[in-house]
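Here is a short tour of one model, written for someone who likes to know the cut-offs behind each word. Please keep the viewer open as you read.

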Amino acid sequence: SLFRQGGAAVERMEYILHQPDSLPDPETPKPLTAPQRSIRFENLSFAYDEESVLHDVNVEIPVGQVVALIGPSGAGKSTFASLIPRFYDPRGGRITIDGTDLREVTKKNLRSTIAVVPQMPSLFAGTIAENIRLGRLDATDEQVIDAARRAHADKFIREQPEGYQTQVGERGDQLSGGQRQRIAIARAFLRDAPILILDEATSALDPESEAMVQQALAELVKGRTTFIIAHRFSTITVADRILVFENGRISADGSHEQLRGNNAIYQSMLGGQVIG
Ligand code: ATP
């Protein structure tokens, strides 16, 4: 799963978006705006330690494309996705947005263009409204509610004892996994970033949440360059393009039509197996 290393692993993507880390910012950064053309991964290789995890990955994602990353556990999907907000730097090759290497812009600037919906969204101790507002700290109440509606979360939030003002614990215990996911989706709507990274939960959600999450995701990805780490077929139905990862390489790259006939991993997901 994405960013599982370390105690705060799960929070990492959402919370670290504002925080400094050990990777240096350039001395004279270039400005980065919303991507206009494409995100390119050029001769990309990566290793956490000695063992290579991604080898010579070459792929170009046009702006607005919705891409599903599928493949067995350990194939490198999460690692690939974690390089986009520059949680790590490549060992070899580079990632560019409209031709600009990610290392030429500040992390703050880069991450302002990205929203992340993690597998197991964590909530902080505070109200539901405050938890949604994490997506954009200066959002008005109306904007928070609008984001919740679009995330199909408004109804269950209003059913809580104090609605949007209901306090939730750090682990969001009183909310189901699917409800927490919809809070994370509401955050992403509010954030309104041009690049989206979604890390699908491996375990199944309750059926009602599952349907709501699917609908909300289908809306959320529209018009955004999206990377979905997917484990279930239902999730990749929103994708325009599927990248199959195996052993640190992209072993297949194509549309549903292209993969349906001849890709074993795609076919097992189609057949209902949970992969990765
Ligand atoms: P999953 O579907 O299980 O999340 P994945 O396809 O996303 O799998 P990654 O999580 O990217 O695969 O893992 C690729 C390889 O890198 C695996 O061998 C994994 O054990 C290793 N790995 C992942 N994160 C780390 C880390 N923080 N430190 C060291 N090795 C890691």
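Q214 counts as buried because its relative accessibility is 17%, where buried means under 20% relative accessible area, exposed means over 50%, and partly exposed lies in between (1.4 Å probe, protein chains only). Q214 lies in helix α8. Helices (H or I, at least four residues) and strands (E, at least two) are DSSP runs, numbered from the N terminus. Leaving aside neighbours within four places in sequence, Q214 is in contact with S234 and T235, contact being heavy atoms within 4.5 Å.

A word on the ground rules: this is a predicted model, in which local features need pLDDT of at least 70 and side-chain atom pairs count only at pLDDT 80 or more, while totals for chains, interfaces and linings use all residues. Residues are numbered from 1 along each chain as its sequence is written, and side-chain values use heavy atoms, with hydrogens and water left out.

**Helix packing**

Helix α8 spans residues 207-220, and its axis comes within 10 Å of the axis of helix α7 (residues 177-191), crossing at roughly 15°. That angle makes α7 roughly parallel to α8. Angles under 35 degrees count as roughly parallel, over 145 as roughly antiparallel, 65 to 115 as roughly perpendicular and the rest as oblique. The axes themselves are lines fitted to C-alpha atoms, for helices over the stretch in contact, and angles run from 0 to 180 degrees between N-to-C directions. The crossing of α7 and α8 is left-handed, which is the case if the near helix is turned anticlockwise from the far one by less than a right angle, and right-handed if clockwise.

On the α7 side, the contact is made by G178, Q179, Q181, R182, I185, A188 and F189, and on the α8 side by S209, M212, V213, A216, L217, E219 and L220. These residues divide into eight nonpolar, four polar and two charged. Here Ala, Val, Leu, Ile, Met, Phe, Trp, Tyr, Cys and Pro count as nonpolar, Asp, Glu, Lys and Arg as charged, and the others, Gly among them, as polar.

Helix α7 also packs with α5, at an angle of about 125° and with the axes 8 Å apart. That makes α5 oblique to α7, and α5 passes α7 in a right-handed crossing. From α5, the residues Q143, V144, A147, A148 and R150 meet A186, F189 and L190 of α7. By class, this contact of α5 with α7 has six nonpolar, one polar and one charged residues.

R149 is found in the α5 helix, which covers residues 141-150. With a relative accessible area of 48%, R149 is partly exposed. R149 touches D154 and R158, not counting residues up to four places away in sequence. R149 and R182 are 33 residues apart in sequence and 9.8 Å apart in space, C-alpha to C-alpha.

**Strands and turns**

In which order do the four strands of the open sheet run? The order is β2-β1-β4-β5, with antiparallel pairing; two strands pair if DSSP finds at least two bridges between them. The edge strands are β2 (52-62) and β5 (100-101), each pairing on one side only. Two bridges join β4 (residues 92-97) to β5, and T100 in β5 is the bridge partner of I97.

I97 turns up again among the contacts of L32, which also include V105, N109, L110 and T113, once neighbours within four places in sequence are set aside. L32 lies in the loop between α1 (9-16) and β1 (38-47), and counts as buried at 11% relative accessibility. L32 and L110 are 78 residues apart in sequence and 6.8 Å apart in space, C-alpha to C-alpha.

Elsewhere, β11 (residues 241-246) and β12 (residues 249-254) pair in the antiparallel sense over five bridges, with E246 opposite R249 in β12. The two strands form a hairpin with two residues between them.
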